[in-house]
Amino acid sequence: MSGPQEESETESVNDAAVVGQQTRKHSINLRNLRGDESEKPSNPTVAKQNTNDNNNNNNNNGVEIENAIERVQTNADQASVVEALPKDLANDIPDGGYGWAIAFAGFLAYFVMFGIVTSYGIFSYAYATSTLQGKATTLELMTVGSVINVSLNVFSPLTVILARLGTRFNYGLGGIFTSLGLFLASLSTEVWHLYLTQGVLFGFGCSFLYMSIATVIPQWFTTRRATAMGICSAGTGLGGLAISPLANSLIEKYGIHWAHIILGFFSLGVCALGTILIKDRLPRSYVKKQPIKSPFQFSLLKMANFDIWLVGSVIALLGYLAPLFYLPKYAAHIGLDPIDSSNLLSILSAMGAVGRLGLGYAGDKIGRLNMFIITSILSGIFSYTIWPFATSFNILLVYCILWGLTSGLYYALAAPITASVVGMDKLAPGLTITFFLSAIAAMGAPICAAIQEATPDNGYIGIQMFNGSVYICGALICLYLKYRVANGNMLARC
């Protein structure tokens, strides 16, 4: 008969196993979709059962208890673009506490970055009707907005390499570059000035802000990481909601020159507050010891499913920027005043935030790839059937609400879908390639401008058909990816 101490230790082991099973029950087991691995029993479960069985034959219960409670990868891990932390540094992650201040710093960065990017259509229309009237075509002005997004994605690998200098340094540097880009843009008298300032320089700063948040959130959160990233992402829609009417008001009252300067100081102040709040949890000595290595792993391109995902997502994303940039111009085309157009752009941005949070959560239930396919098809249908007939404020409002809800799910689902395709162990290089190649999609706006120039009377029907077509084409390619990974079962949760 076992003594009291042995019985107590055995009960502790069993309790630990129950905790591990309950933890795993509420987590999402990411599996590589390249086969039938998702149908296999989880290895950690087998390991824990073997641990409990072996415990009856030996007295090494302390080790068994430690092994019984393992870290289980959850859906929150898919938001990370950095490698997993070592166990000795990951065990004491607060999963809250000061981490919420870090999440708020992320909210501030997203608020400034994407709020100003979303409002570029207002600046573009203002330039076309004042400073650069007769000096720049619609194609040239729309390309400036695309350069911002290209710079954000293309320079991201550089910011990953410089991450060893510290998150606060990179965040502050990003705030300086974004503000400097806006200050210098206020002096622009030619379109190429905007390419270098509001395009390249502002986008370069955005890449530092964006990757600073992506690398620091995993240091502070584990099971609540998805919530923390959701707080950060909320800044995207709320930034567009607030800055679009602000930019329009500033341009009307003070002109483009002072609108840029005021927004530059606004960006600098917001980023200064974020710089004060943000900090690394990892010891500086640990960060400095990390080797500098290439963020790319091109061997991933040999994976057929990954290639299909890249092609499908980039094609669908080609349709994202055009409505954002063209909405103010289109609103003026149908007779709406600048205030109405900025309000519509704000509503579209707000619905984008709602869609990313709400539909992103629903994607966890029905499958993230399924949700991406569904929302892409809906975005295409809305551009086909509503936008061409939006000749009044009310109809255009309906389009902004519906299209805003469904159009931006890529940014919420790119990380988890990529993780499902390449595996959690290759998520960091997989996301690096995904975000880098997504810069191609920024060319959607210039393509639309070229289409409009070729359309009789500079009409918008070509833009509207192009926008709907790329969304549906990208969705069909991803539907083929689903067919491959689900072995032909089109009703599978993927």
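Buried means under 20% relative accessible area, exposed means over 50%, and partly exposed lies in between, with a 1.4 Å probe and protein chains only as cover. These legends describe a predicted model, in which local features need pLDDT of at least 70, side-chain atom pairs count only at pLDDT 80 or more, and totals for chains, interfaces and linings use all residues. Residues are numbered from 1 along each chain as its sequence is written, and side-chain values use heavy atoms, leaving out hydrogens and water.

View 1. Helices (H or I, at least four residues) and strands (E, at least two) are DSSP runs, numbered from the N terminus. Of the 494 residues, 54% count as buried. The chain exposes about 20,900 Å², with 62% of that supplied by carbon and sulfur atoms. Areas come from the Shrake-Rupley method with a 1.4 Å probe; for residues, only the protein chains shown count as cover. Contact means heavy atoms within 4.5 Å. Among contacts between residues at least 6 apart in sequence, 84% join residues at least 24 apart.

**View 2. Asn370 sits in helix α16 (residues 368-385).** Asn370 counts as buried because its relative accessibility is 11%. Leaving aside residues up to four places away in sequence, Asn370 touches Lys482, Ala492, Arg493 and Cys494. Asn370 and Cys478 are 108 residues apart in sequence, yet 8.8 Å apart in space, C-alpha to C-alpha.

**View 3. Helices α14 (residues 321-333) and α20 (residues 444-454) pack at about 50°, with axes 8 Å apart.** This angle makes α14 oblique to α20. The α14 side of the contact is Leu321, Ala322, Phe325, Tyr326 and Lys329; the α20 side is Ala445, Cys448, Ala449 and Gln452. Axes are lines fitted to C-alpha atoms, for helices over the stretch in contact, and angles run from 0 to 180 degrees between N-to-C directions. Under 35 degrees is roughly parallel, over 145 roughly antiparallel, 65 to 115 roughly perpendicular, and the rest oblique.

**View 4. Helix α19 (residues 427-437) is largely enclosed by the rest of the structure, because nine of its 11 residues are buried.** The buried residues of α19 are Leu427, Ala428, Pro429, Gly430, Leu431, Thr432, Ile433, Thr434 and Phe435.

**View 5. Leu476, Leu479, Tyr480, Tyr483 and Met490 make a nonpolar surface patch of about 470 Å².** Met490 lies in the segment after α21 (461-485). Met490 counts as partly exposed because its relative accessibility is 35%.

Methods. Patch = residues over 30% accessible without salt bridge, like charges linked within 9 Å, V, L, I, M, F, W, Y side chains within 5 Å. Salt bridge = Lys/Arg side-chain N within 4 Å of Asp/Glu carboxyl O.
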